[in-house]
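Please keep the sequence and the model at hand while reading.

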Amino acid sequence: MDAIQGKHFSITDPEGVKTVIYQVNKTEKEFLKDSPKYTVERLDHTEEIVGNYNKKTFYVGNPQKEGNRILILSFAKDKVVINNGILEADKVRISKKPMPFKFDTIYSEQAEEYKEVNYTPNLKRPISIIDPETTEEVKPVLYFDEKTNEVKGKCKLKPYKSYFVFEIREENGKINLVGGSPEITD
């Protein structure tokens, strides 16, 4: 039997809160020239109901020796609390100051709107679009843009609905989360 490699950790959500966790990946050197410095990858999880709480166990498939940087998004009514941490050898260290983030609703009377997403050559993306009600990601449909010679994705967004979008960027030597409602382009 093959051994399963990786790490896992659990969190417990109170009633009315839904938490999702992303791993922040630094782009490999061979892709850095034409790609964002960081990409995000949503961690798989399992759920278990414990009383009035929802216990989630998250899994990291490739633990790094220096630790895996994680981004924790806890969605509640009309807001998201953002936190970050590092999964180390035998523990998860989480920052002591979570950042509440209020986001706006996108209003459009169009039947369909699209948000375009660029990908790295190894098909990783720098941003994620999340439906805050379900905490599910809006999955892009991939296509090859012959004009720019790049793989891109288009996310189909519904009218009269709010979305949470975030991107990891490096500014002034610090890794920052840039988030909010997406700007819609045709």
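Aspartate 145 counts as buried, because its relative accessibility is 15%, where buried means under 20% relative accessible area, exposed means over 50% and partly exposed lies in between (1.4 Å probe, protein chains only). The model is predicted, so local features need pLDDT of at least 70 and side-chain atom pairs count only at pLDDT 80 or more, whereas totals for chains, interfaces and linings use all residues. Residues are numbered from 1 along each chain as its sequence is written, and side-chain values use heavy atoms, with hydrogens and water left out.

**Salt bridges**

- A search of the whole structure finds 4 salt bridges, a salt bridge being a side-chain nitrogen of Lys or Arg within 4 Å of a carboxyl oxygen of Asp or Glu.
- Aspartate 145 meets the side chain of lysine 152 in one of them, at 3.1 Å from N to O, and lysine 152 also counts as buried, with 8% relative accessibility.
- Aspartate 13 forms a salt bridge with lysine 56, with the closest N and O atoms 3.4 Å apart; this pair links distant parts of the chain, since aspartate 13 lies in strand β1 and lysine 56 in strand β5, 43 residues apart.
- Both aspartate 13 and lysine 56 are buried.
- Arginine 93 forms a salt bridge with glutamate 88, the closest N and O atoms being 3.5 Å apart; arginine 93 is partly exposed at a relative accessible area of 46%, and glutamate 88 is partly exposed at 22%.

**Sheet**

- An open sheet of 3 strands has the order β1-β5-β4 with antiparallel pairing, where strands are DSSP runs (E, at least two residues) numbered from the N terminus and two strands pair if DSSP finds at least two bridges between them.
- The edge strands, each pairing on one side only, are β1 (7-13) and β4 (44-50).
- Strands β1 and β5 run antiparallel and are joined by 7 bridges, and lysine 7 has valine 60 in β5 as its bridge partner.

**Largest pocket**

- The largest pocket holds about 460 Å³ of space, a pocket being an open set of points on a 1 Å grid over the protein atoms alone where a 1.4 Å probe fits, with protein on both sides within 12 Å along at least five of seven lines; the volume is the space filled by probe spheres set on the points.
- Its lining has 20 residues, of which Gln23, Val24, Asn25, Gln64 and Asn68 lie nearest the centre of the pocket, and lining residues have an atom within 4 Å of a point.
- The largest share of the lining, 4 residues, comes from β2.
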